[in-house]
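Here is a short briefing on one protein model. Please look over the sequence and the structure first; the points follow by topic.

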Amino acid sequence: MELQHSPDLWPHAPSVPRPRDHWPARLALPVGVSASLGYDAVGTSREHGERIMACLPRVGCVFAADELWWWIVPSGSHIGVTWPAGTRYAVGARVADPPGTRTRPSLRPGGPRLIHGPDGEWPYTPPIPLYVVVCRLAGSTPHWSPGSPT
């Protein structure tokens with residue numbers, strides 16, 4: 001029996017995932033916002049999010065999805081730090097629903113929505129002040145190791 005080659009029915013376009021791909025959706029930044037450093041996202045509870053917003057002098061893009069708030073930070077903001085339990089870190093700002101939460105249809109079609117835009121053209125919340133506030137709210141001691149990826 002000879003194997004036959006069948007053409008790939010799905011074009012290879014990096015911006016359009018194939019239907020069989022199960023990659024989480026990436027948070028889309030507002031038009032006109034420059035993310036030249038790349039971007040990741042830090043997820044916190046909504047309750048912590050409200051307190052963080054009040055504590056930080058500068059806040060970038062923040063998205064809300066059900067009970068999580070997602071803070072846009074520069075790519076690699078997880079390197080050398082240990083984000084506390086209860087915090088989620090999404091490399092490339094690709095966020096997915098936590099396991100077991102998709103048992104019913106989403107109440108918010110389209111996924112997370114932007115609830116706070118940046119004051120300027122940079123989407124970032126400064127990661128170190130965010131990290132310190134998140135640790136404090138979680139009751140943990142900030143811990144970082146410069147030069148050692150975690």
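**Salt bridges around Arg-46**

Arg-46 and Glu-67 form a salt bridge, with 3.6 Å between the closest N and O atoms. Arg-46 belongs to helix α1 and Glu-67 to the loop between β3 and β4, so this pair ties together parts that lie 21 residues apart in sequence. The model is a predicted one.

- The structure holds 3 salt bridges.
- Arg-46 also bridges to Glu-47, where the closest N and O atoms are 3.0 Å apart.
- A salt bridge joins the side chains of Arg-46 and Glu-50 as well, at 3.4 Å from N to O.
- Arg-46 and Glu-50 are about one helical turn from each other, because they sit 4 residues apart in helix α1.
- Together, Arg-46, Glu-47, Glu-50 and Glu-67 make up a salt-bridge network.

**Exposure of the network**

Buried is under 20% relative accessible area and exposed is over 50%; partly exposed falls in between.

- Arg-46 has 29% relative accessibility, so Arg-46 counts as partly exposed.
- Glu-47 is partly exposed, because its relative accessibility is 39%.
- Glu-50, at 44%, is partly exposed too.
- Glu-67 has a relative accessible area of 47%, which means that Glu-67 is partly exposed.

**Glu-67 and its surroundings**

- Glu-67 sits in the loop between β3 and β4.
- The C-alpha atoms of Glu-67 and Arg-46 are separated by 5.4 Å, although the two residues are 21 residues apart along the chain.
- Which residues does Glu-67 touch, not counting those up to four places away in sequence? They are Thr-44, Ser-45, Arg-46 and Glu-47.
- The hairpin of β3 and β4 has 2 residues between the strands.
- In this hairpin, Asp-66 takes a positive phi near 55°.

**The sheet**

- Five strands build an open sheet, in the order β5-β2-β4-β3-β7, and the pairing is antiparallel.
- β5 and β7 (113–116) are the edge strands, each pairing on one side only.
- On average, neighbouring strands of this sheet are turned by 35° against each other, direction ignored.
- β2 and β4 run antiparallel and are joined by 7 bridges.
- Within this part of the sheet, Ser-45 stands opposite Leu-68 in β4.
- β3 and β4 also pair in the antiparallel sense, over 4 bridges.
- Val-62 has Trp-71 in β4 as its bridge partner.
- Strand β3 (residues 62–65) pairs with β7 over 3 bridges, again in the antiparallel sense.
- Ala-64 stands opposite Arg-113 in β7.
- In a regular strand, side chains alternate between the two faces of the sheet.
- How many residues of β4 are buried? The count is 7 of its 7 residues, and β4 is described as mostly covered.

**Helices on the sheet**

- Helix α1 (residues 46–55) packs on the sheet and touches β2 (39–45), β3, β4 and β7.
- The direction of α1 makes about 110° with that of β2.
- α2 lies across β2 and β4.
- The angle at which α2 runs to β4 is about 145°.

**Thr-87 in its loop**

- Thr-87 is found in the loop between β4 (68–74) and β5 (88–90).
- Is Thr-87 buried or exposed? Thr-87 is buried, because its relative accessible area is 18%, and buried means under 20%.
- Thr-87 is in contact with Val-42, Gly-43 and Val-134, leaving aside neighbours within four places in sequence.

**A nonpolar surface patch**

- Ile-128, Val-132 and Trp-144 form a nonpolar patch on the surface.
- Together these three residues have about 290 Å² of accessible area.
- Trp-144 is found in the segment after α2 (127–138).
- Trp-144 has a relative accessible area of 47%, so Trp-144 is partly exposed.

Notes. Residues are numbered from 1 along each chain as its sequence is written. This is a predicted model: local features need pLDDT of at least 70, side-chain atom pairs count only at pLDDT 80 or more; totals for chains, interfaces and linings use all residues. Side-chain values use heavy atoms; hydrogens and water are left out. Patches are made of residues with over 30% relative accessible area and no salt bridge: like charges are joined within 9 Å, nonpolar side chains (Val, Leu, Ile, Met, Phe, Trp, Tyr) within 5 Å. Accessible areas come from the Shrake-Rupley method with a 1.4 Å probe; for residues, only the protein chains shown count as cover. A salt bridge is a side-chain nitrogen of Lys or Arg within 4 Å of a carboxyl oxygen of Asp or Glu. Buried means under 20% relative accessible area, exposed over 50%, partly exposed in between (1.4 Å probe, protein chains only). Contact means heavy atoms within 4.5 Å. Two strands pair if DSSP finds at least two bridges between them. Axes are lines fitted to C-alpha atoms, for helices over the stretch in contact, and angles run from 0 to 180 degrees between N-to-C directions.
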